[in-house]
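Me: I have a structure to read and I am new to this. Can we go through it feature by feature?

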Amino acid sequence: MGFIAESFRTALSLIFSADQDVFAAVRTSVGVAAWSVLLAAAFGIPVGVGVGISQFPLKRVVIVVLNSLMAMPTVVLGLLVYGLVSRQGPLGGWGLLFTPKAMIIGQTLLAVPIVANYTLSAIKGADSRIVPTALTLGAGSLRSMMQLTREVRFGIMAAVIAGFGRVISEVGVAMMLGGNIRWYTRTMTTAIALETSKGEFAFGLALGMILMAVSFSINILLTFMQESHQP
Amino acid sequence: MKPAQYRLTEIRAFYRANLALEVDELTIASGRLHILAGPNGSGKSTLLSILAFLMKPSHGEVVFAGTQVDWQGKQLASLRKRVTLLHQHSFLFSGTVSANVAFGPRARGMAKENVQRAVGESLAMVGLDGFESRDARHLSGGEARRVALARALACQPEVLLLDEPMAHVDKQSAQIIESLVVSLSGQGTTVVMSSHYEQLGQRTESKVIRLLDGKVEKIVEGNGEAPSRVVDGYRYAKL
């Protein structure tokens, strides 16, 4: 128990003394996750809306694939993207491996199915009168879709938050594509894994506490926004 | 002579395998009030959806103001801007009453300065002046119905289609809606309204189209008596 308490005190001290290693990992984590989720939203939201409102022959298959991709192991995804961006891979000439850009690519691919699926659920749960109402008021197809998206914006926001939660807490992609390089590609999760294996439990605990704080803050913010806008 | 607002020929509409509407021939004159009467499931809402260009019939031809409807692309979008349907269970978008009423004029490309005027005038027409900043989701049933009607009116449509506009509303709202409908048709707007409320047809210059089991049963003049002849622009459809 003394070990835990001592580690906890050291962790707090690292946080409040603005330890450079701790905050470099936090910056990288939040930055990479933010870019990834932004790109995932740009791809995933239209996919979710498109699949949700359209009728096409292989729709069920697409939904099953999207659902399955949500459970994609991060190391497998990291491995696939590694194959693409490594020196021998088709994108090897771009020099992306072990850079934040490679991590963003991998984490975006990780988050797209999550954002798309949550968006799809929000669209499926939307009031069926929204689109006909918009159409009969003179809106074109695109504007009607935008109105539908607007009406389910809290569901879509939840999709984005879920995507963010997934990428900020994953280790596999960040480790395989970023390489855990200090002050460059080291994230909170890869640092926790590394430092704990080195016996630096307090350092890992400090990052774990920040990771939890970031996740909780975002969820609290989402809940607050939803409650303040609901009738 | 103005062309008929709608001319429907050999219309068949199905919901899955069920035939919901079967109209051999029906013409709707422009600038008049029409009441679609009939029991639940008689095809009123299906007919209104076709007239609103929201539902393509499985078979048949629709001619709108002399133009054959091809149910595709730009023509369809353009035709939808000339009509507005007030659904039976109308949906108000989240946001203010003003944003709801302004949606149609904006979608139809009305100039910004005219949008606010259209919003104010439409709300005044339904007796809801001063409701602009109210939350659309915090209205009584009657108020919500009137906001939905104001939203349709703000579009200044050539054809106003109303699906049971007076169902489940208070007496005051029903009176406002009735007087508006009569007034609009008097000003040249083509109004097609489904209703169980046939008395309105008897009191006004409207024409009542009675539907039964998806077919036009008969067409009646405003005095409630079945015409002894084919009346302006109308012909009996398959009985």
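Me: What do the buried residues of helix 6 of chain B pack against?

Reply: First, the terms. Helices (H or I, at least four residues) and strands (E, at least two) are DSSP runs, numbered from the N terminus. A residue is buried if 20 or more other C-beta atoms lie within 10 Å of its own, exposed if 12 or fewer, and partly exposed in between; C-beta atoms are placed from the backbone. Two residues are in contact if their C-beta atoms, placed from the backbone, lie within 7 Å. Now the case. The buried residues of helix 6 of chain B pack against strand 3 (33-37), helix 4, helix 5, strand 7 and strand 8 (190-194) of chain B.

Me: How should I take the model and its numbering?

Reply: This is a predicted model: local features need pLDDT of at least 70, side-chain atom pairs count only at pLDDT 80 or more, and totals for chains, interfaces and linings use all residues. Residues are numbered from 1 along each chain as its sequence is written, while chains are lettered from A and ligands numbered from 1 in the order in which they are written.

Me: Which residues of helix 6 of chain B are buried?

Reply: Start with the general idea. An α-helix has 3.6 residues a turn, so residues three or four places apart point the same way. In helix 6 of chain B, the buried ones are B:Ser173, B:Ile176, B:Ile177, B:Leu180, B:Val181 and B:Ser185. They cover an arc of only 155° around the axis (the arc of the directions from the helix axis to the C-beta atoms), which puts them on the same side of helix 6 of chain B. On the other side of this helix, B:Lys171, B:Gln172 and B:Ser179 are exposed.

Me: How many residues of helix 5 of chain B are buried?

Reply: 12 of the 14, so helix 5 of chain B is largely enclosed by the rest of the structure. Among them are B:Glu143, B:Arg145 and B:Val147. Their cover includes strand 6 (83-86), helix 3 (97-107), helix 4 (112-125), strand 7 and helix 6 (171-186) of chain B.

Me: What comes just after helix 5 of chain B?

Reply: Most residues other than glycine have a negative phi. Just after helix 5 of chain B, B:Gln156 takes a positive phi of about 50°. B:Gln156 lies in the loop between helix 5 (141-154) and strand 7 (159-163) of chain B. With 17 other C-beta atoms within 10 Å, B:Gln156 is partly exposed. In chain A, A:Phe98 also has a positive phi, of about 60°.

Me: How many residues has the largest nonpolar core?

Reply: In soluble globular proteins, nonpolar side chains tend to be buried together. A nonpolar core is a set of buried Ala, Val, Leu, Ile, Met, Phe, Trp, Tyr and Cys residues joined through C-beta atoms within 7 Å. Here the largest has 116 residues, and those with the most contacts inside it include A:Val115, B:Val147 and B:Val192. Helix 5 of chain A gives the largest share of this core, 15 residues. Domain 1 (1-82 + 157-239) and domain 2 (87-156) of chain B both give residues to this core, so it lies between them. Those bounds come from an automatic or database domain assignment.
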